[in-house]
Amino acid sequence: LELDGEQIAVSPLAVRAWTKRLGRKGSIPSARLSYSPETSPSAELDIKGVSMDLPVGALGGPTLAESWSGLVNGAMVPARATPRMTLREGTLRLVNDTVARAGLKGDLGADGVGVSSVPFECDLSLEIPRNELPPFDWDKREEWIEKAAQTAGFSMMAAIRDFRSPEPKAGEPDMLQLPRAVAKVIADFRITAWTIDLETRFERAAPGKDGAPAPLKTSGTLRTAKGSGAYEEFPYRLDDVNGTISFVNDDVTVERISGRGGDGALVTIAGKLVGLATGAEINLSIRCEDAPIDQRLFDSFAEGPREALGLLFDARSSAGLATAGLLPDAAALVEQRQALARLGPDAATSPDGTRLSRSLDAGPFALGGRAGFDIRVYSPAGFGTLVHVTGDVTVRNAGLVFERVPYPLRIKSGSIAILDEAIVIGGGGLQAVT
């Protein structure tokens with residue numbers, strides 16, 4: 001059965017309403033038709049090699065730009081064409097005004113516009129709301145079919161399983177097209193070399209008694225694995241990134257993203273991006289219990305806090321003190337241990353003994369050290385609004401040399417508050433040993 005105009009004209013109204021809107025092409029290798037006085041007529045059509053547009057915009061859903069985006073080298077770009085499915089296997093079942101297809105498998109791409117194909121699975125059911133439509137009039141059949149497609153209740157689930165990001169190759173398609181919420185997450189979190197599982201559901205309830213179409217709802221879950229990434233507003237680079245992100249229409253919930261930072265430090269991200277279409281309100285939390293104080297951490301902050309932290313952990317001053325032999329390094333601590341021993345029985349009570357014991361307990365000086373961080377990324381809704389990156393860095397067992405007063409300090413504990421353009425050492429300050 002070739003899907004051309006003549007064959008479609010003799011098909012049930014539900015098939016015509018669906019097929020005409022989706023630009024469907026291909027052939028049906030076999031069909032099974034059944035009818036008896038006791039049952040409604042039905043048909044099962046085997047589908048192979050049939051191509052059609054993804055039936056969301058065609059059935060009254062959002063426009064291409066509102067619902068889909070492209071990814072090129074990890075960057076989010078406008079979609080180039082309506083996503084198009086090419087089916088390798090599956091069955092279409094027709095009963096009265098209901099169309100259902102289950103177990104469909106194929107490739108999702110777009111015709112001739114440099115879009116990579118992605119393997120997918122799909123289930124769909126659609127029911128023409130005949131009771132809410134005017135009586136069918138052959139002379140006005142196009143209007144009737146258009147109305148039926150725009151108001152029909154339907155549910156569609158499309159899944160992409162265990163798909164790994166393709167390696168860019170010269171002369172091959174450079175774009176992937178994905179639901180906009182998914183593309184934004186991958187782009188904003190700069191996730192590269194990923195493997196994803198994606199389930200997306202498009203659904204619309206039956207129309208009301210007045211015939212008005214119900215609103216379309218888009219929802220889904222994205223699971224990422226084995227990737228690398230860094231959120232654009234706090235780009236602390238993570239490896240072995242795994243995450244679960246859900247979305248409903250234009251609202252994205254980062255249920256959990258985890259990855260490994262410097263020295264394998266575990267970092268977790270959670271929060272929400274609400275209202276992508278109108279400029280999302282962003283509210284994310286980025287946490288780590290124990291990470292090295294290193295350039296990777298410094299480079300994650302905006303210019304003001306980054307420069308301030310650089311002044312506290314000044315490598316040039318530390319190197320100068322080391323050259324002059326003025327750091328309490330391992331060699332200096334050997335001398336201090338010998339001096340403590342020479343104090344004899346008075347070591348525990350004398351001021352010199354207390355000072356030397358404190359220094360030995362603090363260990364040798366090493367610039368940097370360990371810290372935990374709890375960062376909030378927030379931006380009010382609207383395009384172009386300021387993004388605020390604030391939070392706390394809790395320092396433990398760290399070596400500090402302040403560039404303006406280059407004196408080595410071994411930090412036992414303390415908290416540094418991160419503001420948009422500065423840092424604040426508050427509370428009990430930094431508890432240090434000289």
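The charged end of Arg-296 sits over the ring of Tyr-236, 5.9 Å from the ring centre (a charge counts as over a ring if NZ of Lys or CZ of Arg is within 6 Å of the ring centre and within 35 degrees of the ring normal). Tyr-236 also belongs to an aromatic cluster with Phe-234, Phe-301 and Phe-373. The model is predicted, with local features needing pLDDT of at least 70 and side-chain atom pairs counting only at pLDDT 80 or more, while totals for chains, interfaces and linings use all residues. Residues are numbered from 1 along each chain as its sequence is written, and side-chain values use heavy atoms, without hydrogens and water.

**Aromatic pairs**

- Six aromatic pairs are counted, where rings of Phe, Tyr and Trp (its six-membered ring) pair if their centres lie within 6.5 Å, and planes under 30 degrees apart are stacked, over 60 edge-to-face and the rest tilted.
- Phe-163 and Trp-194 have ring centres 6.1 Å apart and planes at 50°, so this pair is tilted.
- Phe-163 lies in strand β9 (residues 153-164) and Trp-194 in the loop between α5 (180-188) and β11 (195-204), so the pair ties together parts that are 31 residues apart in sequence; helices (H or I, at least four residues) and strands (E, at least two) are DSSP runs, numbered from the N terminus.
- Both Phe-163 and Trp-194 are buried (buried is under 20% relative accessible area, exposed over 50% and partly exposed in between, with a 1.4 Å probe and protein chains only).
- The pair of Phe-189 and Tyr-231 is tilted too, because the ring centres are 4.8 Å apart and the planes are at 45°.
- Phe-189 is in the loop between α5 and β11 and Tyr-231 in strand β12 (residues 216-231), so that distant parts of the chain, 42 residues apart, are linked.
- Phe-189 and Tyr-231 are both buried.

**Strand pairing and hairpins**

- Strand β1 (residues 30-36) pairs with strand β2 (residues 39-46) in the antiparallel sense over six bridges; two strands pair if DSSP finds at least two bridges between them.
- A hairpin of two residues joins β1 to β2, and Ser-36 stands opposite Thr-39 in β2.
- β13 and strand β14 (residues 251-260) are antiparallel over eight bridges, with Arg-256 in β14 as the bridge partner of Thr-244.
- Two residues lie between β13 and β14 in their hairpin, and Asn-249 in the turn has a positive phi of about 55°.
- β14 is in turn joined by eight bridges to strand β15 (residues 266-274), running antiparallel, and Asp-251 has Val-274 in β15 as its bridge partner.
- The hairpin of β14 and β15 has five residues between the strands, and Asp-263 in its turn has a positive phi of about 55°.

**Positive phi within strands**

- Lys-226 is not a glycine, yet has a positive phi of about 60°; it is placed in strand β12.
- Lys-226 is exposed, with a relative accessible area of 60%.
- Asp-240, in strand β13 (residues 234-248), has a positive phi near 50° and is likewise a residue other than glycine.
- Asp-240 is partly exposed, its relative accessible area being 47%.

**Largest pocket**

- The largest pocket has a volume of about 450 Å³; a pocket is an open set of points on a 1 Å grid over the protein atoms alone, where a 1.4 Å probe fits, with protein on both sides within 12 Å along at least five of seven lines.
- Its volume is the space filled by probe spheres set on the points, which are joined across faces, edges and corners.
- The largest pocket is lined by 20 residues, and Asn-73, Ser-165, Pro-166, Glu-167 and Pro-168 lie nearest its centre; lining residues have an atom within 4 Å of a point.
- The lining divides into ten nonpolar, five polar and five charged residues, with Ala, Val, Leu, Ile, Met, Phe, Trp, Tyr, Cys and Pro counted as nonpolar, Asp, Glu, Lys and Arg as charged, and the others, Gly among them, as polar.
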